[in-house]
Structures are given as structure tokens and as C-alpha cells.
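Hello,

Here is the structure I promised to pass on to you. Please open it beside this email, and I will walk you through what turned up.

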Amino acid sequence: LLTPDMVTRCRLAAVRGVPLPSDTAQLWGRIWGFQARPDDLLICTYPKAGTTWIQEIVDMIQQDGDPQKCYRAPIYQRIPFLELCPPRPLPSGFEAAAAMPPPRTLKTHLPLELVPPSFWEQDCKVIYVARNPKDSAVSYFHFQRMNQALPDPGSWDQYLETFLAGRVPWGSWFDHVRAWWDARDKHRILYLFYEDIKKDPRGEIQKVGRFLGRELPEPVLETIVEHTSFERMRENPMANYSTLPTFVMDQAVSCFIRKGLVGDWTTQFTVAQSERFDAEWARRLEGSDLRFCTRL
Ligand code: A3P
């Protein structure tokens, strides 16, 4: 199906000022016109915020805590990635979504202003997960190294500037988390933090359950906590992307489920880089009450 010659590191192309993979930008009209249904659930994140983690949690809740049902297919097939446009003849995310029987759960990394308007017209529920920007930047750096379909990140020193400037796929982290935060009371949005899920997986999973209108009996809750732990997801081929060929994701370069820590940035940033980053962070989120935890 997919052959090595079909996979190349993509270029970025701006859609309303936001850099996206050029194949996505090319099919933008189809994505913007996507028809949502009222029973759609949208999972939205800036890349590397724990998308796969919340996807597995949501699928486990929807499958009443039955891991066997979650082993039915890789996570990227269970929950289509709306704006992903892989090489033809593979279906685009929006095509896979359109072919899916309801109720559907879909994944997106789109910033708020690029979410297809039908999701708001249909008043869909959205789960947004945010992760502190320092760990996000480190995770994204290693991901761009291993994902052969994304731009080469260059050195860490170079990448940090690229990230701060928002010249990465899906644009600026700052604009993304801020706009979604400001919209959380205008729509049916559950805004979660990666660091909270690390600290209290039980409590956060219960929160998701309540948002989805599901009671989670104690044994079900326990199974979900266990099945979605870092260790279990790292070894689960239906969650760890090891089902993709190495010419797409080269896990010898860096594992998809890599470290799963809060505060791993301290092993990557120099003190000067951390100070430079903090200054930019304060400037970009000035006036916002959005706060992140960077160490547990
Ligand atoms: P690291 O690179 O810091 O390890 P996404 O799914 O949005 O691409 O995010 C990937 C990040 O989430 C990776 O971070 C990955 O290790 C982490 N992750 C995935 N599953 C996790 C889990 N069960 N617990 C904690 N972190 C997890």
C-alpha cells in the first residue's frame, strides 16, 4: 500500500497564516467544508500534548473498559485524523471520517479558527488537551526527527527558535492553547492538561467519563487507568504506532511513546534557553489566566 518513495518530509504551506503540511493546505477546501454530526466527538490538541493518550482513554471509556475491543485496530484507524492527507491512494482523514458509522470520534490538531464551522453549528463536544510548552517543544523536536513525513527539525538550538516563531506544523503553540482556552465556555469544550492526567489519571479519566455522560464503575475505571498507563501504551502495538513502516516513523531514531514525563525539558534546555523561552512565554500569554505546570 505505502511504499518508501511515497513518503518525503513535507513542506509547510500557510492556511490563513497557519503553517500546515502542504498536502493538507492543498485540500483545505474539503476540510473546511467537512460535515460534522451532532453526535461527533472531537479530540483536539496541539501536537505532542498527549493526543494518543487521550484517544486511548476515550476509546476505552466508549468500549466500557474492554481492552480487547480497543485492540481491534491501530489508534489512527479507530479515530480518524481529520486534516491528515497521506499520499494517494490512502484515504484522507476527512474521507475516513465520512465513511465511519456514527457516533464518531475524530482527532484534529487544528487551531480554533480553522476548525470546520459545522462542528460549531452542530454543537459538537470537544476534548482539548494542553501540555506545557517546554515539554511540548522537546517532544515535538524528537517527533520531527523520527517522523519522515514532517520537516527535518535541524539541531535542537535551531529548532527552539523555529518552535518559538511558530514555524512548525500547526503553527504557534501559544496561539493554539490560548485561543482554545478563551473558547472553552462558548462551546461544549472540556479543557484538560497533560500534567493533570499524569498527576491524577483516575480523577481526570472520571472527568472525561462525566463529560461523555458515562458512569465508570470502579473495576472499569481501574482497568482504564491500567490500560492507558505509559508502560502499557508503550508496549501496545495498537497504541504505539509500531504498525507503521519505519520509512514513515523511524522508532530507532526516537520512540513514538518516548518518555511520557513532566519536566523532561530540563534535560534538553540550557539555562539560557530556558530563560529566553520563559520571556517569550510571558510575552505571548500576557493578560491570559492560562497557567501550566512544568515540573511535578
Ligand atoms: P514524550 O515525547 O515527551 O515522551 P501525541 O500523542 O500528542 O503525539 O503526544 C505524544 C507524547 O505523549 C509523547 O511525549 C508520549 O510519550 C506521551 N504519551 C503517550 N502515551 C502516554 C501515556 N500513557 N502516559 C504519559 N505520556 C504518554
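A residue is near a molecule if its C-beta atom, placed from the backbone, lies within 6 Å of it. Before we use that, two notes on the model. Residues are numbered from 1 along each chain as its sequence is written. The model is predicted, so local features need pLDDT of at least 70 and side-chain atom pairs count only at pLDDT 80 or more, while totals for chains, interfaces and linings use all residues.

Let's start at the ligand. There are 20 residues around the ligand, and the closest are Thr51, Thr52, Ser139, Arg258 and Gly260. Two or more shell residues come from each of α3 (51-62), α8 (133-146) and α14 (230-234). Such helices (H or I, at least four residues) and strands (E, at least two) are DSSP runs, numbered from the N terminus. By type, the shell has six nonpolar, nine polar and five charged residues. Here Ala, Val, Leu, Ile, Met, Phe, Trp, Tyr, Cys and Pro count as nonpolar, Asp, Glu, Lys and Arg as charged, and the others, Gly among them, as polar.

Now follow α3 to another helix. The axes of α3 and α12 (residues 201-211) come within 10 Å and cross at roughly 55 degrees; axes are lines fitted to C-alpha atoms, for helices over the stretch in contact, and angles run from 0 to 180 degrees between N-to-C directions. The pair α3 and α12 is therefore oblique (under 35 degrees is roughly parallel, over 145 roughly antiparallel, 65 to 115 roughly perpendicular, and the rest oblique). Ile57, Val58 and Ile61 of α3 make the contact with Ile205, Val208 and Gly209 of α12, where contact means C-beta atoms, placed from the backbone, within 7 Å. Five of these residues are nonpolar, one is polar and none is charged.

Finally, some backbone details. Most residues other than glycine have a negative phi, and most peptide bonds are trans. Which peptide bond ends at Pro89, cis or trans? The bond from Arg88 to Pro89 is cis, with omega near 10 degrees, and Pro89 sits in the loop between α5 (75-78) and α6 (93-98). The bond from Pro102 to Pro103 is also cis, with omega near -5 degrees.

Arg16, in the loop between β1 (12-15) and β2 (18-21), has a positive phi near 45 degrees.

Enjoy exploring!

Key:
Contact = placed C-beta atoms within 7 Å.
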